[in-house]
Amino acid sequence: FPLERGDFVRTRLTHSLEVSAIARSLGAVVERFLRDERGDIEVSDTGKVPAILATTGVIHDLGNPPFGHAGEHAIRRYFAELFSSEGRWREELDEAQRADFVFFDGNPQTFRIATHLQYLTPNRNEVNYGMNLTSATLASLLKYPRSSVTGNRRDLGASYHKHGYFQAEREKFATIAELTGIARGRHPLAFLLEAADDIAYSADDIEDGYKKNALGLDDLKGIICEHCDASEARWLCDTLDDYVREVDVICHERDKREVAIGRFRALVQGFMIRAVVEAFRERYDDIMTGDFDGELLACSRAASIRTALKKLARRYVFNHQMVIDKELTGEKVIRGLLADFVAAVASDERKDPTAREGKLYSLISSNYRFICENYHTGRTRGLKEPPTYDRLLLVTDYVCGMTDSYALDLYQRLCGVKLSR
């Protein structure tokens, strides 16, 4: 629910905390399997697997732009139109660089934040390592260890569905791939991170949708019966009815059902967690050799429940009028901000404080401007000024660092319909 003012539905922050908790739980169980049954982990390394997954769970959505997937689509459409005409944009960016923007996604932006934008420790070799995370952590974060040219393929395995890094971070990815072996496929823990993300949002969307009056109990039961087998559907629907009856009768009717929905969400998530662990154990050998390239939830005994919950969200939540209205607003905001700031960074007057382009350029995060001007891709070719590719990345860095409300506020101020505070 973009631009949501209430505190009773998930935000990107609360979602990330939930993913982190679920990922840590998955990691703890899998680690016992690897240590006690397989002997692949030393006792002295106990705690490292859940720690890595808890960390990646917290940061896995850092790169998402305002308005979530709607924001990603708006960025892609804007740059596809920008590159469709002949001119400097086609001449000054190569095919792979243009693909970074045409297929723009929050996943490579997250990798960029972790390895480049979150500038913490200057290095003597003049290499910016960003957060300076371990290679194992970064490899686990990469659900799609592909470039924008080799990835974004739905006809191949799950690791090809999107891309995980931009051309600007190509060398850093290559180093991590060499150290961890992800050049041949996903890091084993990336499968668990993906599952934790799916477990969190597929069930949470239902609870949030109910709280926003986008769906009811009958809608939930109908989808379950439609996509689950008879015995599974009966178990889920009967349990939901039991939860409604068991809640204290003095509760208000709506509150009572919200409590029941919350209990049901926890039940389903627990079932999916156990199913994912089983699927990981069953496919462990293929995961380690790189022969498995699917989604653990999709090939687990919780696959039908996951499908039902996703269908429910698409039918009743994502298509709800309040969501559509705000997503359309978000697209207008994103495109407006991109147009202004792309014109600013492309201008020769971007550093002139008296010019409009210079004023816009000065609004961009000073941290991001510093990194763009000092750690751009043209340095290896002896260029003093950032190439056009890096300047465009500066714009997406800035826009993706905004919250929904900040992006809207800035857009309104730039349009002259709202004064600065």
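## Close-up views of a predicted helical chain

**Figure 1. Cysteine sulfurs in the predicted model.** The model contains 0 disulfides, a disulfide being a pair of cysteine sulfur atoms within 2.5 Å. For Cys 225, the closest cysteine sulfur is that of Cys 237, at 4.0 Å, which is too far for a bond. The sulfur of Cys 228 has its closest cysteine sulfur in Cys 225, and the separation of 8.2 Å is again too far for a bond. Cys 228 is buried, with a relative accessible area of 9%; buried means under 20% relative accessible area, exposed over 50% and partly exposed in between, for a 1.4 Å probe and protein chains only. This is a predicted model, in which local features need pLDDT of at least 70 and side-chain atom pairs count only at pLDDT 80 or more, while totals for chains, interfaces and linings use all residues. Residues are numbered from 1 along each chain as its sequence is written, and side-chain values use heavy atoms, with hydrogens and water left out.

**Figure 2. The protein chain as a whole.** The protein chain has 19 helices and 0 strands (DSSP runs numbered from the N terminus: helices are H or I of at least four residues, strands E of at least two). Its radius of gyration is 23 Å, close to the 22 Å that the globule rule gives for 421 residues, so the chain is as compact as a globular protein of that length. The radius is taken over C-alpha atoms, and the globule rule is 2.2 Å times the number of residues to the power 0.38. Along the principal axes, the C-alpha atoms fill a box of roughly 70 × 55 × 35 Å. Of the 421 residues, 52% count as buried.

Figure 3. The structure holds 2 cavities of 30 Å³ or more. On a 1 Å grid over the protein atoms alone, a cavity is a set of points where a 1.4 Å probe fits but cannot get out, and a pocket is an open set with protein on both sides within 12 Å along at least five of seven lines; lining residues have an atom within 4 Å of a point. Grid points are joined across faces, edges and corners, and a volume is the space filled by probe spheres set on the points. The largest cavity has a volume of about 70 Å³. Its lining includes His 60, Asn 107, Lys 143 and Leu 193. Helix 6 (residues 106-117) provides the largest share of this lining, 3 residues.

**Figure 4. The second largest cavity.** This cavity has a volume of about 50 Å³. Ala 203, Ile 206, Ile 261, Phe 264, Arg 265, Val 268 and Leu 309 line it. Helix 9 (188-211) and helix 12 (253-282) each supply at least two lining residues, and helix 12 gives the most, with 4 residues.

**Figure 5. Arg 306 and its contacts.** Arg 306 lies in helix 14 (residues 303-317). Its relative accessibility is 10%, so Arg 306 counts as buried. Leaving aside residues up to four places away in sequence, Arg 306 touches Asp 198, Met 272, Glu 295, Leu 297 and Ala 298, where contact means heavy atoms within 4.5 Å.

**Figure 6. The second largest pocket.** The volume of this pocket is about 710 Å³. It is lined by 28 residues, of which Ala 168, Glu 171, His 376, Thr 377 and Thr 380 are the closest to its centre. Among the helices that each supply at least two lining residues are helix 8 (170-180) and helix 17 (366-374).
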